[in-house]
Amino acid sequence: MKKIVIKTFSCCAVIVAALMMQSWMAGDQTMTKENGMTVINTTTLGKDVQGYLGTTPLKIYIEKNKVVKIEALKNQETPKYFLKVKKALLDKWNGLKVKDAKALKVDAVTGATYSSEAVIENVKLGLDYYQNHKK
């Protein structure tokens, strides 16, 4: 009986450690470095931000406290409408200091309002995260 309890406890400890490691690693992927730039991935930050058909994760590239570019990641939005969002919105923040980019008022794209608002919210979340976690 003691061996079963010890084995069960050991298995539970291993599972808890694995889950803690997984959550630590997932959080670690939110802010990374690529080609000397800080990259904010909003996949986990914006997991509750819904576009028309789902989440709209982004990668926000920042160098010297300025937004270099914003890139849309894989999502379930209607390609035809999301293309409008990408063309109209993603470069609006380019070249702006993070502080100014956060303050920028951007209008949604007509016909793709939910997707636009989700992208705008993801940008805000990503920039907030950068400001709160930059070194």
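Mentor: Helices here are DSSP runs of H or I with at least four residues, strands are DSSP runs of E with at least two, and both are numbered from the N terminus. The model is predicted, so local features need pLDDT of at least 70, side-chain atom pairs need pLDDT 80 or more, and totals for chains, interfaces and linings use all residues. Residues are numbered from 1 along each chain as its sequence is written, and side-chain values use heavy atoms, without hydrogens or water.

Trainee: In which helix does S115 lie?

Mentor: The protein chain has 4 helices and 4 strands. Their order from the N terminus is α-β-β-β-β-α-α-α. S115 sits in helix α4.

Trainee: Is S115 buried or exposed?

Mentor: Buried means under 20% relative accessible area, exposed means over 50%, and partly exposed is in between, with a 1.4 Å probe and protein chains only. The relative accessible area of S115 is 5%. Because 5% falls under the 20% limit, S115 is buried.

Trainee: Which residues does S115 contact, leaving aside neighbours within four places in sequence?

Mentor: Contact means heavy atoms within 4.5 Å. Neighbours within four places in sequence are left aside. The partners of S115 are then G51, Y52, E77, F82 and V85.

Trainee: At what angle do the axes of α2 and α4 cross?

Mentor: Two packed helices are described by the angle between their axes and the distance between the axes. Axes are lines fitted to C-alpha atoms, for helices over the stretch in contact, and angles run from 0 to 180 degrees between N-to-C directions. The axes of α2 and α4 come within 9 Å. They cross at roughly 45°.

Trainee: What is that arrangement of α2 and α4 called?

Mentor: Under 35 degrees counts as roughly parallel, over 145 as roughly antiparallel, 65 to 115 as roughly perpendicular, and the rest as oblique. A crossing at roughly 45° therefore makes α2, relative to α4, oblique.

Trainee: What is the handedness of the α2 and α4 crossing?

Mentor: If the near helix is turned clockwise from the far one by less than a right angle, the crossing is right-handed, and if anticlockwise, left-handed. For α2 and α4 the crossing is right-handed.

Trainee: How many residues of the α2 and α4 contact are charged?

Mentor: α2 brings F82, V85 and L89, and α4 brings S115, S116, V119 and I120. Ala, Val, Leu, Ile, Met, Phe, Trp, Tyr, Cys and Pro count as nonpolar, Asp, Glu, Lys and Arg as charged, and the others, Gly among them, as polar. The contact has 5 nonpolar and 2 polar residues. The charged count is none.

Trainee: How far apart in space are L127 and I40, C-alpha to C-alpha?

Mentor: L127 is in helix α4 and is buried at 1% relative accessibility. Beyond four places in sequence, L127 contacts I60, I62, V67, V98, A101 and K102. L127 and I40 are 87 residues apart in sequence. Their C-alpha distance is 7.9 Å.

Trainee: What is the relative accessible area of T56?

Mentor: T56 lies in the loop between β2 and β3. Not counting residues up to four places away, T56 touches T42, V49, G51, N75, E77, F82, A118, V119 and N122. T56 counts as buried, and its relative accessible area is 0%.

Trainee: What is phi of N65?

Mentor: N65 is in the loop between β3 and β4. N65 is partly exposed, with a relative accessible area of 28%. Phi is positive although N65 is a residue other than glycine, with a value near 65°.

Trainee: Which loop residue has a positive phi of about 50°?

Mentor: Look in the loop between β1 (31-34) and β2 (37-41).
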